[in-house]
Amino acid sequence: MREKTGEAVRSPECFFAVFLLLIETIFHIRRFGGLSINLFNKVYFAVVIALVLGYVISLLPRKAGKIVSAVLVVILSIYFLVQLIYSSVFANYFSLSATGGVANQALDYKSTIAASVVKEIIPFLLIAVVMTAALLYIFKWSDFEKHGFTTYIVMAGVIITVGFYYFIILSVQGDDKNSPSAILKNYSSVEMSVEKLGVTETMIRDGVYAVMHINKSDGADTDTGFEHEAYVASTEELPAEAGTGAATEEVTESPLASEADASGTEEETEQEVKMYSAQVLPVDLGRMSEITTNESVLKLNSYINSSTPTYTNDYTGMFEGYNLIFITAEGFDGYVIDKKRTPELYKMSHNGFVFKNFYTPLWYGSTLGGEYANLTGLMPKNGGYLSMQMVGQRGNTMPFTLGNELKNQGYNVYAYHNNGYTYYDRNISRPYFGYENFVGVGNGLPYEKTQGGSMMWPQSDAFMEESTFSEYASEEPFHVYYMTVSGHLEYDFGGNAMAKKNEDKVKDLYYSQTTKAYIACQLEFELMMEELNADLEKAGIADKTLIVICGDHIPYDNMEIPNELAGSYLDRTFECYRNSLIIYSASMEEPIKVDKVCSSLDILPTVLNLMGLPYDSRMLVGRDIMSDSPGLVIMHDGSFIADGFRYNASTGEVISRGGKVSDSELENLKSTVSNRFRMADAICELDYYKYVEQLMEGN
């Protein structure tokens, strides 16, 4: 009996169970704190996988089994270490399917990665020690002998039983949209998968997804299992005529229109009633089955066809015919705006549209994800691939981007980025967003050099503006898109050229060195805006140019920066992502204050509405902020902020701003958020807009 017990303990099944249990526990404690039901789920899954791995390896000859075991130990350990450091740097998790973008990030974040290894040195070393001990055990002490026939039969039964109970255990934890059971069924977020099911499960699921899905061009297996939305107590309720799929030109009395009060004075009763129309394209989506038999496309189309459009409003066409300068500002956080330090940004943020509850969620892919949300009104895929790159690789149709919309209106369209023009394959994707005239470092944009002759890093945003303004200033009407880089980490005065350049301006501030370096970087963007507005004034076109500014993400690598700038601790689910959206024109006589909650997803439809451009509001995740649609901020992990309450997808906590939130309202919004993630993924994966254009051509 003792011999059999010792044999079982030394078996590959037991070995892998102990190995995976240890590294899953180390990772969980470092990232998510102490003991929890999620840790139990992770360890249980690791045991199931360990039993399967050990069973297969025990079938191999002893030497081959040891070699395979050692290789698996190294691969698994490296994957855990990569996730540990990647999450420390980017505040989300690595996906096997996005290797191209990750290679770019690794090259660009070398010093930050090194600093993160130091920061994570204890769990890093613990995982490394477990890996080393496992390798020593394999080659020095393990037997890994083949089992007897009876043992194989028994082990097969054990694996089936243990696996069966794994699903039972998950199911009794509920079937909420963000429950472990739901995440296991629908792999849509690498972040939630790591948090609730573990790194081992994520590696397997992500690997399977990479093999089975990423190379499919037709998107046939795209998840389009949309859930029912009841629109309970929602002002998005469709009028009887709307949502039929046919082009709708009917007008309706706007909910924004003022109503006469009970006093009923003659002046008030004679007030003009304004009429508004649905923001939809003249296309009958009900005919989609005539041009495709792809079931995924038809399901997506059915969902969009039944969705509620927004309506034109008092601000529709407010800036029609204006020049447009749209800027995605690298690492920009609204807390950096200060009346004395950044007077130009302060002026623009307080004299244009003033959005009091605006957020920039940290989308997957950091800069590229944030940029994608800004440009498309769609959230990027949360793991699996980088949506911006997929658009370029597959040549997707993107009709609603500002570049394409304004190009169709006869505008001269330009795009600039003061970093390598091939970085993140922007040279491939930019044309599909309407920016054929895309110029970056390496294909036309000059770059500044250090005294030693090497390229300065990061480059100056002000220098980019100086080098490009003359190219478009006399080409009205024009649309210019800038992707800046001066605000790029790492924030220190040694390796960051922009921080060093502006060091004297921040040296006396009462902040940490890191926060002072961050402010110094953003002062270069402030200088860019000073020069841009001065150049527009000098050219006599400031009062017919609209400027839109939004960050790609906050300084996520060091959350103490926004905490210091805000003067208080900002929770990591919501408030740390509060930011500033600047929509400004010198022609505005007074600021327009907006209290509605809104996010980077809402920028595109809002600007399209302000410029009076045609689009279909049902086909974007974001909503025109100035419309009467309820505010909704969707976070990268499925948490959300509604006008009346907040929902934390990780904890299931509901935080009301006052009053009771009904179960039906909460469940409806959960379904809405879940559906919009599916919708965004499906639009990209299926190239849905291509089918819409085919329908319009057939009208």
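This is a predicted model: local features need pLDDT of at least 70, side-chain atom pairs count only at pLDDT 80 or more; totals for chains, interfaces and linings use all residues.

A: Residues are numbered from 1 along each chain as its sequence is written, and side-chain values use heavy atoms, with hydrogens and water left out.

Q: Where is Q279 found?
A: Q279 lies in the loop between strand 2 (275-277) and helix 13 (295-305). Helices (H or I, at least four residues) and strands (E, at least two) are DSSP runs, numbered from the N terminus.

Q: Is Q279 buried or exposed?
A: Q279 has a relative accessible area of 7%, so Q279 is buried. Buried means under 20% relative accessible area, exposed over 50%, and partly exposed in between (1.4 Å probe, protein chains only).

Q: Which residues does Q279 contact, leaving aside its neighbours within four places in sequence?
A: Among them are P309, Y311, Y615 and D624. Contact means heavy atoms within 4.5 Å.

Q: New topic: how much space lies in the second largest pocket?
A: That pocket holds about 710 Å³. On a 1 Å grid over the protein atoms alone, a pocket is an open set of points where a 1.4 Å probe fits, with protein on both sides within 12 Å along at least five of seven lines; lining residues have an atom within 4 Å of a point. The volume is the space filled by probe spheres set on the points, which are joined across faces, edges and corners.

Q: What lines the second largest pocket?
A: The lining has 24 residues, and R31, A91, Y93, E191 and R572 lie nearest the centre. Helix 2 gives the most, with 3 residues.
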